[in-house]
Protein chains: 2
Amino acid sequence: MAPAPRLLPVLTLLLLTAAVGPCAGAGRGGGRVDLWPMPSSVTRGAQTLHVSRDLKLTTAGSNYSDGRGILRDAFARMVAVVNMDHVINGSYQGAPVLAGVNVVVRSPDDKLNFGMDESYKLSVPATGSPLYAQIEAQTVYGALHALENILHWHIVDEQSFPLEIPSYPKLWNGAYSYSERYTMDEAIDIVQYAEKRGVNVLAEIDVPGHALSWGVGYPSLWPSATCKEPLDVSSDFTFKVINGILSDFSKVFKFKFVHLGGDEINTSCWTTTPRIKSWLIQHGMNESDAYRYFVLRAQKIALSHGYDIINWLGSGVAEKVVAAGLRCIVSNQDKWYLDHLDATWEGFYMNEPLTNIYNPEQQKLVLGGEVCAWGEHIDASDIQQTIWPRAAAAAGIMFVLTNLFFEFEERLWTPIAKVAKDTRSVTARLARFRCLLNQRGVAAAPVAAYGRSAPSEPDSCLRQ
Amino acid sequence: MAPAPRLLPVLTLLLLTAAVGPCAGAGRGGGRVDLWPMPSSVTRGAQTLHVSRDLKLTTAGSNYSDGRGILRDAFARMVAVVNMDHVINGSYQGAPVLAGVNVVVRSPDDKLNFGMDESYKLSVPATGSPLYAQIEAQTVYGALHALENILHWHIVDEQSFPLEIPSYPKLWNGAYSYSERYTMDEAIDIVQYAEKRGVNVLAEIDVPGHALSWGVGYPSLWPSATCKEPLDVSSDFTFKVINGILSDFSKVFKFKFVHLGGDEINTSCWTTTPRIKSWLIQHGMNESDAYRYFVLRAQKIALSHGYDIINWLGSGVAEKVVAAGLRCIVSNQDKWYLDHLDATWEGFYMNEPLTNIYNPEQQKLVLGGEVCAWGEHIDASDIQQTIWPRAAAAAGIMFVLTNLFFEFEERLWTPIAKVAKDTRSVTARLARFRCLLNQRGVAAAPVAAYGRSAPSEPDSCLRQ
């Protein structure tokens with residue numbers, strides 16, 4: 001009775017257009033450039049530069065005033081990371097020293113929008129007095145990418161309901177414990193923290209399945225006390241609660257999209273609960289009809305709050321979705337699920353989101369990809385080494401904590417033409433990136449083995 | 001021909017003498033006090049206090065001026081940790097609020113010495129206007145313990161030689177890589193960082209075995225180019241290098257003790273290398289004699305630089321050591337090795353350092369215990385969950401990184417009389433401590449399983 005639900009669009013596949021000039025980090029004489037991910041275009045010189053301990057930030061020629069300190073703070077973070085590396089004391093007479101970085105941002109606007117230009121160009125000249133690197137970008141967020149790589153962080157509640165919803169204040173009674181909850185003020189802090197780093201926060205409420213925890217505070221959301229999932233499709237109260245949640249979300253999560261889940265539904269409680277079964281008969285619906293009715297009604301509520309919508313779909317449908325002229329993000333379970341510990345980084349790296357999509361116009365509708373780590377066996381003790389470095393191999397990431405559904409996402413960064421067909425040539429570069437993550441306090445696991453593996457023997461980080 | 005080497009003394013078994021008055025953190029009405037480790041003495045009231053967001057530090061009645069900011073910085077760290085917990089916005093009319101902490105330190109001295117009084121007494125009164133908690137301690141380091149638990153951190157080079165030794169500047173050629181090295185300035189930073197937190201740094205050079213990496217920079221330290229361990233006992237250059245290292249150490253590592261290793265020696269290279277074999281014959285030594293000669297000569301060098309000495313000894317010798325009137329630290333491989341992933345926290349908790357030592361005078365010679373994690377399969381990606389929370393169960397820790405030999409040590413904290421004989425009663429308290437570690441950014445693994453295990457199912461941190 002209803003048309004198919006709108007399909008999951010989201011997040012740009014933005015190709016990095018960085019041209020690195022004579023490159024300070026490129027090493028001495030060798031042909032290798034150890035950057036991860038590989039920019040769209042790189043050229044390098046033969047000169048090694050030393051970085052001043054007192055690196056300066058200037059913005060000559062910029063139209064952007066940095067009133068919120070987005071650029072200033074990002075520069076300070078970059079300098080802190082550079083200083084974390086080993087700096088040998090001493091003076092280098094005659095060796096050129098990089099005195100600072102001049103950033104030219106063409107747009108004065110600092111609002112983080114979907115589809116904005118986040119490309120940048122970084123040039124490091126071989127000479128100059130004082131010698132300054134030059135970053136040119138259309139927006140401040142493009143300039144940030146020149147200072148560090150960046151993740152999109154998406155936040156959503158799942159089986160546990162840890163987030164405060166002022167419209168329905170008993171919802172977070174479904175949290176694991178009193179201390180394992182997030183206030184709306186904390187959600188605002190997270191969004192602001194992320195935005196200053198060029199990171200959008202995408203919120204998800206997964207309906208109608210995976211929502212058992214909602215009924216801890218409001219048991220009438222369950223079909224019955226003994227059959228608790230999915231949410232009661234027959235009750236207006238269900239949709240009032242969804243409306244309350246999305247209304248509260250819209251005050252906090254300003255990203256263009258909201259995620260409405262929709263995955264893994266077993267609707268048998270709807271037909272085994274007499275009240276709901278009567279409602280289905282009365283409305284002439286079977287279980288599939290009722291599922292579509294639920295999804296569409298929830299989507300209409302989200303649209304009424306100004307959101308575009310993302311849903312989970314089944315596997316292998318990307319080519320059908322783009323053939324129908326709709327946008328999609330690829331996240332195939334067989335290659336890009338980080339909680340599959342036997343999935344190697346080579347598998348993540350070689351996975352091709354455009355598989356079976358040959359029409360260039362349809363290829364443009366594949367907006368990007370996500371890698372997922374579902375959180376059944378992940379918590380604060382093992383999340384970092386489960387995710388890294390394999391997520392870097394796909395340059396996209398999304399994951400779930402046991403008490404809160406986090407979703408991280410980054411653009412697919414390296415143009416397909418630049419992806420090495422033989423992963424052996426990439427291993428050393430990824431290993432080096434993994435060591436950098438370790439140095440910066442991220443517990444990325446060794447590259448050589450399966451996910452979340454310990455080092456196999458004592459050796460340099462660069463060879464693990 | 002030589003007497004047995006001096007035996008490993010070190011580090012106080014200091015019993016915490018904290019009396020906690022009506023206790024803010026003790027929960028509502030229940031009889032449980034969720035502290036880890038359990039203090040020597042605790043009493044609690046029925047009143048719940050709220051902690052002010054603007055907690056004050058005062059030092060009325062103190063003889064200590066805090067010129068180096070040791071107390072001020074520790075207080076700021078404690079406040080930051082408290083604020084990391086979930087604070088529900090709102091006002092609590094009528095509920096008592098803790099306005100600050102008054103710290104009374106009796107000694108004006110802030111030098112961190114072996115054997116100093118590090119006990120403290122913490123009282124939280126139920127009433128007061130404004131209401132202040134009171135900490136009383138003999139030294140500032142005792143007062144620190146009232147604000148947080150503290151580790152002793154010990155640093156030493158092992159198979160890899162990552163530390164700069166100015167007297168023999170090629171020694172760190174034996175590091176894994178150029179970037180996996182530590183300058184002397186960095187070692188000084190580490191010592192100063194640690195001291196401000198009441199943490200002593202104990203340095204180890206493991207001789208004559210486990211020293212292959214020394215010869216990368218100075219190949220004449222090897223018996224031969226094909227037989228590289230242990231260090232050449234017949235060469236004066238070997239002891240000149242040890243003297244250079246310990247001379248440089250003594251400028252940086254001011255702790256009373258140095259660790260000279262001495263473990264796992266296979267001396268066959270000494271008899272298969274003709275030059276050394278001739279030397280042994282000339283001096284009338286067999287391999288065991290030569291080993292004792294080496295250890296004693298290295299110990300004399302350490303003594304000449306003002307150090308007391310620690311060596312590794314074999315298993316099961318603690319009772320013999322104390323029977324001989326010497327001090328020891330217990331670290332039994334079967335119970336207290338964190339790299340044994342099948343060693344459970346219950347085993348760590350129930351291990352008794354005083355096994356087979358019944359004489360009270362001899363018991364006093366057991367200065368404490370260490371738990372070890374040898375680093376063959378540990379690096380930045382998995383070190384935290386390998387160590388925690390099992391190390392907390394023993395309240396002592398020492399471990400090894402693949403590229404640097406770190407040693408952490410904390411006093412055995414809870415008096416034997418207070419250790420629960422049935423670990424089931426302790427589980428919830430340890431799980432709560434593990435969640436605290438997670439909240440503070442330490443990737444402590446779930447309590448319920450073996451070492452470094454993932455959570456078995458999605459659930460509250462408190463039940464993992």
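**A buried histidine and its surroundings**

Modeller: Let's start with A:His210, which counts as buried because its relative accessibility is 15%, and the cut-off for buried is under 20%. Do keep in mind that this is a predicted model. A:His210 sits in the loop between β8 (204-205) and α4 (214-217) of chain A. Its backbone is what makes this spot worth a look: phi of A:His210 is positive, about 55°, although the residue is not a glycine. Most residues other than glycine have a negative phi.

Now look at chain B. B:His210 also has a positive phi, near 55°, and is found in the loop between β8 (204-205) and α4 of chain B. B:His210 is buried too, with a relative accessible area of 15%.

Next comes the nonpolar core. The largest one has 44 residues, and among the members that touch the most others are A:Leu171, A:Trp214 and A:Ile245. Helices α3 (184-195), α5 (236-252), α7 (274-282) and α8 (287-304) of chain A each give two or more residues to this core, and α5(A) gives the most, with seven. Beyond its close sequence neighbours, A:Ile245 is in contact with residues including A:Ile205 and A:Trp214.

Finally, chain B holds another backbone feature for you to find. A cis peptide bond, with omega about -5°, joins B:Glu229 and B:Pro230. B:Pro230 lies in the loop between α4 (214-217) and α5 (236-252) of chain B. Most peptide bonds are trans.

Notes: Residues are numbered from 1 along each chain as its sequence is written. Chains are lettered from A and ligands numbered from 1 in the order in which they are written. This is a predicted model: local features need pLDDT of at least 70, side-chain atom pairs count only at pLDDT 80 or more; totals for chains, interfaces and linings use all residues. Side-chain values use heavy atoms; hydrogens and water are left out. A nonpolar core is a set of buried Ala, Val, Leu, Ile, Met, Phe, Trp, Tyr and Cys residues joined through side-chain atoms within 4.5 Å. Buried means under 20% relative accessible area, exposed over 50%, partly exposed in between (1.4 Å probe, protein chains only). Helices (H or I, at least four residues) and strands (E, at least two) are DSSP runs, numbered from the N terminus. Contact means heavy atoms within 4.5 Å. Lists of a residue's contacts leave out its neighbours within four places in sequence.
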